[in-house]
Amino acid sequence: MSDNIEIAALQEEIRQLKLENKKLERNIRVSKSFLDRVTRAAEAKDILSNALSAANIKQKAYTEILIENCPNIITLLDEDGRFVLTTRSLLIIMNIPNFDFIKGHKYDEVLSKYLSEDDMATLKSAVDNLATKGDTDTDALDFWADFDNSGNRRYYSIELRVVLGIGGLSKGTLLVMIDLTDFLQEKQRAEKANNAKSDFLAMVSHEIRTPMNAILGMATALDRLNIDPAHQKYIRDIRRASDFLLAIINDILDFSKIEAGKLDLVLTNYSLTSLIDTLHSMFSLISKQKNLAFTLKKTNDFPQFANGDENRVRQILTNLLSNAFKYTHEGSVDFQVWLDAQNNMRFDITDSGIGIKQEDLVKLFTPFEQLDVRKNRNIVGTGLGLAICHDLCRLMNGEILVESEYGKGTTFSVILPYVAANVADISADATLVEFVAPQAKILVVDDMEINLSVAEVMLEIFEIIPDLAESGQAAIELASKTEYDIIFMDHMMPEMDGIETTENIRNLNDWYITSPIVALTANVIKGSEEMFLTSRLDDVVSKPIEFSALSICLRKWLSPQLIKILS
């Protein structure tokens, strides 16, 4: 019995040992698995460490490439203003072989050798402000510097930015310097070229308008005489051809001013009704000559007055109406004016003319483009008119639209913002009134005999016999003997120009302190009128002299006692 008990106990002990053995084997397997994972993690860590090391080496290489090759000067200063890092471009312009020569040095100690005292003080103030005010950056500073001590100063722009660390704490300042010398020189060359262009335009304007003044002035004077009807027709043909030539000249000058950004709007209160009626009357004559129907449709709510540049609105509409009649050989031209729902002035000009091909619409407002050249070879023009109209509309915050069907006709729509006028400011003197002033004492100053003849003939229409002077000195001598009611003064004269002559006449006596002196000039480039009016001249009449402009000028400046209104 005891033997059986011992055997059972032994068997139980063996069973327990087997269980313990299994547990031990399981723990060994778990431990081995864990050791395998640890081994793999260690291997992965080594691989990652090697990869990161390689990436760091690569990144460091890229950083060195950037520092070595960046064309701009980028410098990092620590919180004490000492050099920490810089692109090689700074070392190159300073002829420093290695960054170690300036590393750890304060920026003001290094840069003060190359900047003026004022520029250095400005830079130091900007750097200090960044640190004290807590700003992250500042406006760019511009200065000249001779970094290589060659006497060849360069123009730099410098921008400053605070480099922030953890928690927004300042860790230093970043300086970015950009060499703008070449840009500045190009800008100066462009400005010089632009000034030369303006001077050229002024000269061309003067040289071309001077003979045009003679042609148009004489034709205007002859047109008012009672001469043979056949001769009258010749004179009007001369005027018509001259007007075409003058329109081409004006287009070229206007386009040049628009291209240079020098065309300004002259805003006044004016009569829209008068403008539209004048255009209708003018083109009604053309419609009769071409045997075309011409209708004007004006809605009842269309405003009578407006504020804007009357001359430019007239220029746009005249150009579009001229084109409509130019390209319409039979049928009609319709002119409609109305106020749309957005309070815009709408001017729609519809013709039954030759129309425009769809593929040509995209280049319609392109300068110097003339469409269907073969078909329209007999039509005079520069190809600038529509381009100028387009730019003028845009300048007035408006637009110009076109719809056309080739062979059937075209509609141009001009859309301009309507600005109400102060009617009280619209002068009744704008109306052209027939008058004479035989007692008026007028002096005309011009170095060209033909211009004096034109002025003399045109003033004779007002029964005025003027005195004439061919130079500034001659004008001063005449003015010293006679108190003239108006002096018409040419600008571009040899020896003494119109502005200098005016100054001398103003200083003659008390009479000429207030007596009107009017610039009579072919210089119509932007800025010329302001130049005259700030040079003690009172008004400007441009050449070629228009009868209406001369009439308005005389009426404006002559004493009412000298003017006799004709019934």
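Residues are numbered from 1 along each chain as its sequence is written. In this predicted model, local features need pLDDT of at least 70 and side-chain atom pairs count only at pLDDT 80 or more, while totals for chains, interfaces and linings use all residues; side-chain values use heavy atoms, with hydrogens and water left out.

The protein has 15 helices and 19 strands, taken as DSSP runs numbered from the N terminus (helices H or I, at least four residues; strands E, at least two). Of its 567 residues, 38% are buried, meaning under 20% relative accessible area with a 1.4 Å probe and protein chains only. Among contacts (heavy atoms within 4.5 Å) with a separation of 6 or more, 63% join residues 24 or more positions apart.

The largest nonpolar core holds 38 residues, and F335, M345, F347 and V414 touch the most other members. Such a core is a set of buried Ala, Val, Leu, Ile, Met, Phe, Trp, Tyr and Cys residues joined through side-chain atoms within 4.5 Å. Two or more residues come from each of helix 7 (272–290), helix 8, strand 9 (332–339), strand 10 (344–351), helix 9 and strand 12 (409–417), and helix 8 gives the most, with seven. Leaving aside residues up to four places away in sequence, the contacts of M345 include Y270, F302, W338, V414 and Y418. Another core, of 29 residues, lies apart from this one and includes F83, L90, L175 and M177.

Helix 8 (residues 310–326) also packs against helix 9 (residues 385–395), at an angle of about 145 degrees and with the axes 10 Å apart. Here the axes are lines fitted to C-alpha atoms over the stretch in contact, and angles run from 0 to 180 degrees between N-to-C directions. From helix 8, R312, Q315, I316, N319, L320 and N323 meet G385, L386, I388, C389, L392 and C393 of helix 9. By class, this contact has seven nonpolar, four polar and one charged residues. Helix 9 is largely enclosed by the rest of the structure, because eight of its 11 residues are buried; A387 and D391 are among them. After helix 9 comes N397, with a positive phi near 60 degrees.

Towards the end of the chain, strand 17 (residues 517–521) runs parallel to strand 18, with four bridges between them. V518 has D539 of strand 18 as its bridge partner. In strand 18 (residues 539–542), D539 and V541 form the covered face, whereas V540 and S542 form the uncovered one.

Note on methods
Buried < 20%, exposed > 50% of the residue type's maximum accessible area, 1.4 Å probe, protein only. Pairing = 2+ DSSP bridges. Nonpolar A, V, L, I, M, F, W, Y, C, P; charged D, E, K, R; others polar.
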